[in-house]
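Colleague: Before I use this model, I would like to go through its overall build and then a few individual residues with you.

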Amino acid sequence: MSEFDFDVCVVGGGPSGIITAIQLGRAGYSCVILDKKPRDEIGHKNCGDALDAKHVAIISNHMSIAAPSLEFGDARDIITKVTIAANGLKNKITASSPGYQVDRLKYGQRLLDIAVENNVKILDRSTMRGLVVEGDQITGVRYLDSENNNQQIRAKITVDASGIIGSVRKEIPDELKNGVDYHLDKIYTIKSYREIIELKGTDHEFAEEIVLIYDERIPPPGYIWIFSEGPSKLNIGITWVKTDPYPDGKTLKSLYHELLDPYFDPSTYKVLYAGGGTIPMRPNFDSLVFNGAVLVGDAAAVVDPTTFEGHGPALESGRLAAKAIISALEKDSYKTKDLWSYNKDFMNYPGGMHGQSFVAAKFLRSFGVKNIEFLLKRQIINEDELREVFQNPDAKVGKLWIIKKVLQLFPRWDLLFKLRPFVNQIDAVAEIYSKYPVSPDGLNDWIVQRDRILKI
Ligand SMILES: Cc1cc2nc3c(=O)[nH]c(=O)nc-3n(C[C@H](O)[C@H](O)[C@H](O)COP(=O)(O)OP(=O)(O)OC[C@H]3O[C@@H](n4cnc5c(N)ncnc54)[C@H](O)[C@@H]3O)c2cc1C
């Protein structure tokens, strides 16, 4: 094969692409990021801005990248708790949950500067248009540069970090897909609209808090959210499964107002930013690697299917993908099998957890908001138990606890029959994801077994 221009070409400078590139630059490999945005807009995204502290901690521990902070100006608030509510704020549960409300642009720009310090080349205002494929190997991309000229980059490995659109993924020839289905069905996408608002002359009551509210008017797992962005600022929004029709010809924006105006009268605030976007809501694709290419972030559908958090998983997928890419570059071999460890690592965490979360999203849909409200009203689960569930997924609950919960369900024991299959399926999904194959040979069998437990 002739000379390559770069070891790695990363398409997209969002969180997943930047983290991949920083590690490759630090390891001494040549790496280019291609992004269609101008340099000073890379990182910006219409977003709820919530970023879970556990993903940030992994990045700080493994890559020594400082967490977003109020001092750097790339955090707008430091979050300490999460509240889940149903049909208003009366029936709710609050649990401690450390995190950040980030300024996506400032945080993204800080990461971009770190990439540049580590010799990563940035080609901004450059849009990837197609793939270079030689034999059974992906060997680079074709793109339109900032002057509208057609260009080509040849790279040993191409990384799709282009977000939900999956610019690289869409172009991968079927014969290189190892039998995996990469179609992102609309039923597994979420439409979302949000505004960042500033209350006039008053502080809000949600200091350091993020709140998700299920509402009967939104088909689950859709919800409205209220996230604190400092004493007087809030990020508030709505999510809606793309294939669920809006009632009576309404729009997402009119539904946003119908559902959120009762909490915040528009005459009492000024809108600082407004906008929306689309989020994937399925477990990640069954393999994220190809001969000469890798998927990360939204392009790989690595978003939590219940909460729709994708920022933290995007960082983590970038970190794990880079680890596998570096090992393939060391061996000078870039086939699916050489990159496979990324699949295994990601399925271990957080892929398996997202599989479980997908079960929860489907469960919420059939369970309904009225029943969620009932469980919250009866305080069936308290804060300590919720924390135990979140922080220690292997926790075994005692018989007395179960008896107590069953009695609390009176007179709605029918809910027990709805909850039991859900709990069983969650366990089965955890087990199947823990058995993800160690090489491509076992993939098709694994998909068959997974489909028996969880059909995607
Ligand atoms: C309204 C909304 C609210 C959200 N709220 C939250 C939240 O509160 N918390 C959370 O964790 N997640 C949230 N998410 C999800 C989160 O924003 C994404 O999961 C995350 O940004 C994914 O990162 P990424 O690097 O994969 O892609 P992106 O951040 O989408 O970055 C993709 C990059 O690729 C570039 N690109 C795309 N196509 C091309 C091309 N052909 N050529 C060159 N460049 C290209 C784009 O310009 C962009 O810079 C939200 C999403 C939306 C839409």
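Modeller: What follows is a set of questions and answers on this structure, which is a predicted model.

Colleague: How many helices and strands are there in the protein?

Modeller: Both kinds of secondary structure are present in the protein. The counts are 11 helices and 16 strands.

Colleague: Why can the protein be called as compact as a globular protein of that length?

Modeller: For 456 residues the globule rule gives 23 Å. The radius of gyration of the protein is close to that value, so the protein is as compact as a globular protein of that length, the radius itself being 22 Å.

Colleague: Among contacts between residues at least 6 apart in sequence, what percentage join residues at least 24 apart?

Modeller: The contacts considered here are those in the protein between residues at least 6 apart in sequence, where a contact means heavy atoms within 4.5 Å. Of these, the share that joins residues at least 24 apart is 72%.

Colleague: Is N343 buried or exposed, and which residue does its side chain join in a polar contact?

Modeller: N343 lies in helix 6, which spans residues 336-367. Because its relative accessibility is 1% and the limit for burial is under 20%, N343 counts as buried. Leaving aside neighbours within four places in sequence, N343 is in contact with S287, L288, V289 and Y436. The polar contact between side chains, at 3.3 Å, joins N343 to Y436.

Colleague: Is S232 buried or exposed?

Modeller: S232 sits in the loop between strand 12 (224-228) and strand 13 (233-241). Not counting residues up to four places away in sequence, S232 touches I197, E198, L199, T202, D203 and H204. Its relative accessible area is 17%, and since buried means under 20%, S232 is classed as buried.

Colleague: How far apart in space are S232 and I326?

Modeller: Along the sequence, S232 and I326 are 94 residues apart. In space, taken from C-alpha to C-alpha, the separation of S232 and I326 is 45 Å.

Definitions and conventions:
Residues are numbered from 1 along each chain as its sequence is written. This is a predicted model: local features need pLDDT of at least 70, side-chain atom pairs count only at pLDDT 80 or more; totals for chains, interfaces and linings use all residues. Side-chain values use heavy atoms; hydrogens and water are left out. Helices (H or I, at least four residues) and strands (E, at least two) are DSSP runs, numbered from the N terminus. The radius of gyration is taken over C-alpha atoms; the globule rule is 2.2 Å times the number of residues to the power 0.38. Buried means under 20% relative accessible area, exposed over 50%, partly exposed in between (1.4 Å probe, protein chains only). A polar contact is a pair of N or O atoms within 3.5 Å; within protein, one must be able to donate a hydrogen and the other to accept it, and residues adjacent in sequence count only if both atoms are side-chain atoms.
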